Amino acid sequence: MDNKGLTLSNRDSNTDVTSQTPQYHLGSDDFILVDEIGPRRRTSVKEKVDSVVPWVGSRIKRTFSIRNVKKRFPILNWAPKYNFQCAVGDLVAGITVGLTVVPQSLAYANIAGLPPQYGLYGSFVGTFVYIIFGTSKDVPIGPTAIASLLTYQTLHSSNPNGPSLSPTHAIMLGFLSGLIQLIMGIAGLGIIIDFVSGPVSSGFTSAVAILIISSQLKDIFGIKGGGSTFPQMIDNLVTNMHDIRLSDTILGVICIIVLLLMQLLSKVKIGPSKTPDKYTTFEKAANKTLWMIGTSRNAVLVVVCGIIGYYLTEAKTPYFNYIGYIPPGLPAFEFPKLQDKNGTVTFLEMIENLGSGILVVPLVAILENISICKAFAEGKSVDANQELFALGLCSLANSMCQSYPGNGSLSRSAVNNSSGVRTPFGGFYTGIIVILSLLFFTPYFVYIPKASLAAVIIAAVVFMVEVRVVKPIYRSKKSDLIPGLATFIACLILPLEIGIIVGIGLNLMSILYHAARPKISIEIHKTKGGIEYLLITPDRCLIFPSVDYVRNLVTKHGMKKGIPVVIDCSHIYGADFTAAKVIEVLTQDFSNRGQLLLFYNLKPSIAAIFAGVQPKNFHTYYDKQKLDEVLHSIV
């Protein structure tokens, strides 16, 4: 029978494919191939149009259905249920996070190698946009430690030992990152984050934390520094250590100690800790005050250090390095400039200068953002595509306000959650705090010592070094330490984008190895009549990387034992054309040797794939008793 125009017909739903010319009689429990009946009729243009129009209408109707609209605008899910309790919870949480985000934004801009005002520029518009499109109530959008470090490395990638690229490049990086995230969200590419395993993510995060701490040591010591990798940073610190400023060092160390101690205040309870309902009014007020001080520790510390810096500056005593002048007022809302300020660098040259950072920054940002959403999801599922969509819009909006890339912050999300936030509207109050800071308080930021901001960063990221995950990974699966450790080392000594590629590459190699080397159980069984046969059971799909390995194993053990072979296909849920061709050759080899090869419990969908190559002497059974009878009768 010619292959052209063949269709598959199923006589019984519990049966599978056999050869057209079977060597062994299987009765009616098999698939057969039949000719397609009747000539094909041409479809007219009118018929095609008539068939397309309803499809387009149904797609439009589905796209703008209430369910999809609410999916794209999550605010429609919680806004109708908003009440007074939600408003109070959001107000308290929003103000608390606002007191945290202002000093952090100033500090993170320093990590990015940008003037401090750019950190504040990226801390308010994104929070407003996320209220409408965001899925998590706990995520405040703004500058983060990881995004700032990636921005710094991107701005120095074209000239590692020279001056960084201009802030215009950083703003364009934010715009392009948002554009990529938005396109990925619309295209449904949130699945990409599933290719980054837990150990690789932990190794990357730990390396970034160490890099950030290393980058801030220069401000703690009051010396010049720099570098994109850990060896470069340490080398610059050692080279300039003779210029150390003792006053900055003392202030920085004291600030770190104070911040770590103040963090414990939020956990201190006055009164019977196990019976909070029995607290007196005084105890409740005291506990709330201690919690507020501990949670707002960054703002308290920066204000105190700013006051100290102000009085020392007035006394004409340059004890510390200060962050310097910050222009007051809100940034101009405008489209990112397509060329540098001096007009010498065009848009295409800016893209060339930014290099791989255009892809790395948005991917790492969404990875961090979704990880935070999952951490505070309380068992609910996280829509990665919607988060991509929301983060893309936030980044685009921030770039219109002259901001560099940002995303959700783990530390601020923890503050938000512990403050009792109820909905994403808490970000509104956070944004208002930042706007008020830009309008009225920037003249006072001049006196903030850089050492205090460096202490804020170090105290925030020191707990990002995930040493605690090493022991569970070792106990669970030791081999998973390899990609995690390799990612950690690569991110320290190489540019971050290379370190990420190393980790993801090792993940993919692990996946491909397991796909190419399935585990196969080989046992000798006996029928009720005492006939021995070799039962071979693969544990996963038959696809092109693994089929030759399976074939060689089946052939080797089949020839060695010289008894009938039965392949148990219970765990084979997928196959491809290469697997079908190998099965065809395998059945032919067994037939030429006069050795029996049978297939047991093969899925109908897999049988249909094998039927495409019309293998000869191919037999499959679904009943154990019938399999035993066939083996007994033939042998």
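Reader: Is Leu330 buried, partly exposed or exposed?
Author: The model is predicted, so local features need pLDDT of at least 70 and side-chain atom pairs count only at pLDDT 80 or more, while totals for chains, interfaces and linings use all residues. Residues are numbered from 1 along each chain as its sequence is written, and side-chain values use heavy atoms, with hydrogens and water left out. Buried means under 20% relative accessible area, exposed over 50% and partly exposed in between, with a 1.4 Å probe and protein chains only. Because its relative accessible area is 43%, Leu330 is partly exposed.

Reader: Which residues form a nonpolar patch on the surface with Leu330, and what is their accessible area together?
Author: A patch takes residues with over 30% relative accessible area and no salt bridge, joining like charges within 9 Å and nonpolar side chains (Val, Leu, Ile, Met, Phe, Trp, Tyr) within 5 Å; the areas come from the Shrake-Rupley method with a 1.4 Å probe, and for residues only the protein chains shown count as cover. Leu330 itself is found in the loop between helix H13 (297–314) and helix H14 (347–354), where helices (H or I, at least four residues) and strands (E, at least two) are DSSP runs numbered from the N terminus. With Leu330, the patch is formed by Phe428, Ile432, Leu436, Leu439, Phe440, Phe441 and Tyr444, and the accessible area together is about 750 Å².

Reader: How many residues of H7 are buried?
Author: Tyr152, which lies in helix H7 (residues 145–156), is buried because its relative accessible area is 13%. The buried residues of the helix also include Ala145, Leu149 and His156. H7 is mostly covered, and the number of its residues that are buried is 12 of 12.

Reader: Which residues is Tyr152 in contact with, leaving aside its neighbours within four places in sequence?
Author: Contact here means heavy atoms within 4.5 Å. With those sequence neighbours left aside, the contacts of Tyr152 are Ile111, Ala112, Gly113, Gly226, Gly227 and Ser228.

Reader: Where in the chain are Arg551 and Asp589, and how many residues apart are they?
Author: A salt bridge is a side-chain nitrogen of Lys or Arg within 4 Å of a carboxyl oxygen of Asp or Glu, and the side chains of Arg551 and Asp589 meet in one at 3.3 Å, N to O. This pair links distant parts of the chain, with Arg551 in helix H23 (residues 547–561) and Asp589 in helix H24 (residues 577–593), and their separation is 38 residues.

Reader: What is the relative accessibility of Asp248, which meets Arg245 in a salt bridge?
Author: The side chains of Arg245 and Asp248 meet at 2.9 Å, N to O. Arg245 is partly exposed, with a relative accessible area of 26%, whereas Asp248 counts as buried because its relative accessibility is 0%.
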